[in-house]
Amino acid sequence: MPYIIGCDIGTTNVKSVAFDAVSGTILASHSESYEMQHPQPDWSEQDPEEIFQAACKTLKKVVSKCKAQGDPVGICFSAAMHGVLALDKDGRQLTNLIIWADNRSADVATRLKASQVGKKIYNNNGTPIHAMTPVCKLLWMKKKRAGNLSQSR
């Protein structure tokens, strides 16, 4: 029987669910949780490797439970929005994942939102500017960590 897997990478856990591709019946599911870190007030981060390992574990468990049906015909992923992860030029991780719940860029967001550039960004994409906006996180990183970003980890 053909089946598909949905893998939801959320804020507190990864959930993978296998569905019969014809009827939509749930065949198997597995969830793995992970921690959110708060190294300073208003900071919310996660270890991307921990998230990756949790996703791999849920997928392996679900595929194992569906072994009699063969391999999945497809896998679909969804993930929490507004995360920022700095990488070096070779793709190596420089920071933890700065997640949507992080508010370190609140001052940057307030200034950007009030500026002409912020108004233009909003008019072009319709998304309100706030601390969880990736551009605000990137501007914070540029201002606060530009000189030592490569030594972040």
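Q: Which residues does Val-14 contact, leaving aside its neighbours within four places in sequence?
A: This is a predicted model. In it, Val-14 is in contact with Cys-7, Asp-8, Ile-9, His-30, Ser-31, Glu-32, Tyr-34, Ile-51, Ala-54, Ala-55 and Thr-58. Contact here requires heavy atoms within 4.5 Å.

Q: What makes a set of residues a nonpolar core?
A: Its members are buried residues of listed nonpolar kinds, joined through side-chain atoms within 4.5 Å. The largest such core has 13 residues. Ile-5, Val-14 and Ala-18 touch the most other members. Strand S1 (3-9), S2 and helix H1 (48-65) each supply at least two residues of this core. H1 gives the most, with 5 residues.

Q: Which residues does the second, separate core include?
A: Trp-43, Ala-86, Ala-109 and Leu-112 are among them. This core has 12 residues.

Q: Why does Val-17 count as buried?
A: Buried means under 20% relative accessible area. Val-17 has 19% relative accessibility, so Val-17 counts as buried. Val-17 lies in strand S2, residues 13-20. Leaving aside its neighbours within four places in sequence, Val-17 touches residues including Ile-4, Ile-5, Gly-6 and Val-62. Val-17 and Gly-6 are 11 residues apart along the chain, yet their C-alpha atoms are separated by 5.3 Å.

Q: Is Glu-32 buried or exposed, and how do you know?
A: The cut-off for buried is under 20%. Glu-32 has 18% relative accessibility, so Glu-32 counts as buried. Glu-32 is found in strand S3, residues 26-33. Beyond its neighbours within four places in sequence, Glu-32 is in contact with Thr-12, Asn-13, Val-14, Ala-54, Lys-57 and Thr-58.

Q: What joins the side chains of Glu-32 and His-30?
A: A polar contact of 2.6 Å joins them. The cut-off for such a pair of N or O atoms is within 3.5 Å.

Q: Why is H2 called roughly perpendicular to H3?
A: The axes of helix H2 (residues 106-114) and helix H3 (residues 116-125) cross at roughly 80°. Angles of 65 to 115 degrees count as roughly perpendicular. Therefore H2 is roughly perpendicular to H3. The two axes come within 4 Å.

Q: Which residues make the contact of H2 with H3?
A: H2 brings Leu-112, Lys-113 and Ala-114. H3 brings Gln-116, Val-117, Gly-118, Lys-119 and Ile-121. The residues of this contact divide into 4 nonpolar, 2 polar and 2 charged.

Note on methods: Residues are numbered from 1 along each chain as its sequence is written. This is a predicted model: local features need pLDDT of at least 70, side-chain atom pairs count only at pLDDT 80 or more; totals for chains, interfaces and linings use all residues. Side-chain values use heavy atoms; hydrogens and water are left out. Buried means under 20% relative accessible area, exposed over 50%, partly exposed in between (1.4 Å probe, protein chains only). Axes are lines fitted to C-alpha atoms, for helices over the stretch in contact, and angles run from 0 to 180 degrees between N-to-C directions. Angles under 35 degrees count as roughly parallel, over 145 as roughly antiparallel, 65 to 115 as roughly perpendicular and the rest as oblique. Ala, Val, Leu, Ile, Met, Phe, Trp, Tyr, Cys and Pro count as nonpolar, Asp, Glu, Lys and Arg as charged, and the others, Gly among them, as polar. A polar contact is a pair of N or O atoms within 3.5 Å; within protein, one must be able to donate a hydrogen and the other to accept it, and residues adjacent in sequence count only if both atoms are side-chain atoms.
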